[in-house]
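Hi there,

Here is the structure I promised to pass on to you. Have a look at it first, and then read on for what turned up.

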2 protein chains.
Amino acid sequence: MILFEDIQRYIDKLNYLSKVEDEEILQHMENYAQKVGFPIVGRSVGRFLYLITKLKNPKLIVEVGSGYGYSAYWFAKALSSGKVVLTDYSQDNLEMAKDFLSGAGLIDKVELRLGNGVEIAKEYKNIDILFFDHEKAKYLDSILILKDNLSSGGLVIADNTLWHGKVLEEDVDKQTRKIKEFNEYMFSSQEFFTTLIPLRDGLLVAIKV
Amino acid sequence: MILFEDIQRYIDKLNYLSKVEDEEILQHMENYAQKVGFPIVGRSVGRFLYLITKLKNPKLIVEVGSGYGYSAYWFAKALSSGKVVLTDYSQDNLEMAKDFLSGAGLIDKVELRLGNGVEIAKEYKNIDILFFDHEKAKYLDSILILKDNLSSGGLVIADNTLWHGKVLEEDVDKQTRKIKEFNEYMFSSQEFFTTLIPLRDGLLVAIKV
Ligand SMILES: C[S@@+](CC[C@H](N)C(=O)[O-])C[C@H]1O[C@@H](n2cnc3c(N)ncnc32)[C@H](O)[C@@H]1O
Ligand SMILES: C[S@@+](CC[C@H](N)C(=O)[O-])C[C@H]1O[C@@H](n2cnc3c(N)ncnc32)[C@H](O)[C@@H]1O
C-alpha cells in the first residue's frame, strides 16, 4: 500500500537537492504561500512547468489565475524568447507578482493584466501554452471558449485536476463533478491528446492535435 | 488518505476514453504483457512518452531495454522524422517488436539492435532522448557512461524510479539503494534539470542543460 502523500514527499525531497538560481526568491514565495494559505502550484509542479516550457519553446503563454506569480516564475524562467501573460482578479496579487518577478530579473518577459483571465485570453491568438488555475468549476467552459485561441500543437495545462483525490469518489459535490467532466472531455476530445500527471494535486497536460 | 494505486486507476480509466489509431495492436501488446507478466511501461507512461516526443521533436531516440517494443511504439508513433533505436538482450523480444511495429506501420522509423543497450548507445552521438528501462541497479553507471552522448537539450527518461514505492523506505536492498542513488545523482547534478513524474512506477525525466 503506497500513499500518494508519501510519494509527493519523496519527490519534494529530491527537488531540494537541485540548486536553482533564484532559491531565495522561490523560498520567499513558498513561505508566503504557507503562511497565508495561498494555493500556489508548488515546487514539483513548478519544475515540471519549467521542463515542459524548455521543450515547447513557446512564444506566448497565457495564465488564467496567476496569483502572485509563482507558476509564472517557472514559465518565464524557462523562456528563451516570448512572453507570459499573467491574469488575476486581484490588484494586490499582481503587485506582488511584479515585485517577485522583478527581483528575479524576469519582468521584461511578462505582461500583468487585471481582470477575468478567460476574457483576457480571448484577446490573444496562437497561444502556445494556456495555463488554467482559476475557479475549478469553470475549466470546462473555459476550454470550450478558448480552444480556438490555441496554436496548432499548443498545450493546455490545468492544475488541481485530481482535486485532493475527490475525483476518485462516486458521489461528489458540484465543483468535483465539473472537474471530472473537464477531465473526461479533454481525454475523449479528438482535438486534444491528453495526459494527467499525478504531481501534487494533479496536472492535466494536453496537446492540440 | 489517498492511495497512489487508486489515482493510477483513475488515470487509466481516463486513458481509455481516448480513441487512438492502433487500439487493437496496443491491446494485443498490453494483454500479452499481462498474460506472461512482462513489465511494459503501460498506457499512462506510454501516452506521456508520446506527448514528450511531440514536444521535443527528436531526431534520435535510443532505448536501453526495449522488450517487445511497447514503449518504442509510443516514441515511434510520435516522431515526425527521425528514428528510434531499440535494444534488447533477447532476439525473441526483438522479433516480436518487429512484428508489432510492422503491424502499426512504424517499422521504417526503428532500428532493432541485439545486445547490451549501453554498449550500443555508445555508438551514437547527439541522442535527443535516451530511455532507460534495463537493469535498475545499472541506471547510475549507465548515465555516467552515456551522458556525453546526449545532445544539448537532450532528455534522459528512466522508468521504475519509484520502484513500487520501495525508494520511500529507509532500510533497502541493493537494487533499491542504486535507484535512490541514481535519483539523487540526477537531481543534484548541475548538468541536468530533473523531475520525477509519479506515473505508474515513477518516471524520471531530465533535460541536459
Ligand atoms: C490557485 S491561485 C493561482 C496560483 C498560481 N497559479 C501559482 O501557482 O502561483 C488562483 C488565483 O486565480 C485568481 N482567479 C480566479 N478566477 C480567475 C479568473 N477567472 N481570472 C483571473 N484570475 C482568477 C484568484 O484571484 C487567485 O489569485
Ligand atoms: C522492463 S523490460 C522493457 C520494457 C519496454 N521498455 C516496454 O515498456 O515495452 C526490460 C528489457 O530490457 C532488456 N535488458 C535488460 N538489460 C539490458 C541491457 N543492458 N541492454 C539491452 N537490453 C536489456 C531485457 O531483456 C528486457 O526485455
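Contact here means heavy atoms within 4.5 Å. Please keep in mind that this is a predicted model.

**How the two chains meet**

With that cut-off for contact, 100% of the interface residues of chain B are also interface residues in chain A, so the copies meet through the same surface. How is chain B superposed on chain A? A rotation of 180 degrees does it, with 0.0 Å of shift along the axis and an RMSD of 0.0 Å. This is the relation of a two-fold axis.

**A helix pair across the chains**

Two packed helices are described by the angle between their axes and the distance between the axes. For α8(A) and helix α1 of chain B (residues 4-15), the angle is about 45 degrees and the axes are 9 Å apart. That makes α8(A) oblique to α1(B). On the α8(A) side, the contact is made by A:K180, A:N183, A:E184 and A:F187, and on the α1(B) side by B:Y10, B:L14 and B:N15. Sorted by class, this contact has 3 nonpolar, 2 polar and 2 charged residues.

**Salt bridges**

Side chains of opposite charge can pair when their charged atoms come close. Over all chains, the structure holds 30 salt bridges.

- Helix α8 of chain A (residues 174-188) holds both A:R177 and A:E181, 4 residues apart, about one turn of the helix. Their side chains meet in a salt bridge, at 3.0 Å from N to O. A:R177 counts as partly exposed at 38% relative accessibility, and A:E181 counts as partly exposed at 27%.
- A:E123 forms a salt bridge with A:R113, and the closest N and O atoms are 3.1 Å apart. A:E123 lies in the loop between α6 (117-121) and β4 (127-132) of chain A, while A:R113 is in strand β3 (residues 110-114), so the pair ties together parts that are 10 residues apart in sequence. A:R113 has 22% relative accessibility and counts as partly exposed, since buried means under 20%.
- In chain B, B:K136 forms a salt bridge with B:D133, with 2.8 Å between the closest N and O atoms. Are these two residues buried or exposed? Both B:K136 and B:D133 are buried.
- A network of salt bridges links A:E21, A:D22 and A:K77.

Technical notes:
Residues numbered from 1 in each chain as written. Chains lettered and ligands numbered in written order. Predicted model: local features only at pLDDT ≥ 70, side-chain atom pairs only at ≥ 80, totals over all residues. Heavy atoms only, no water. Salt bridge = Lys/Arg side-chain N within 4 Å of Asp/Glu carboxyl O. Helix = DSSP H or I, 4+ residues; strand = E, 2+ residues; numbered from the N terminus. Buried < 20%, exposed > 50% of the residue type's maximum accessible area, 1.4 Å probe, protein only. Least-squares fit on C-alpha atoms with pLDDT ≥ 70 in both. Axes fitted to C-alpha atoms, helices over the stretch in contact; angles between N-to-C directions. Parallel < 35°, antiparallel > 145°, perpendicular 65-115°, else oblique. Nonpolar A, V, L, I, M, F, W, Y, C, P; charged D, E, K, R; others polar.
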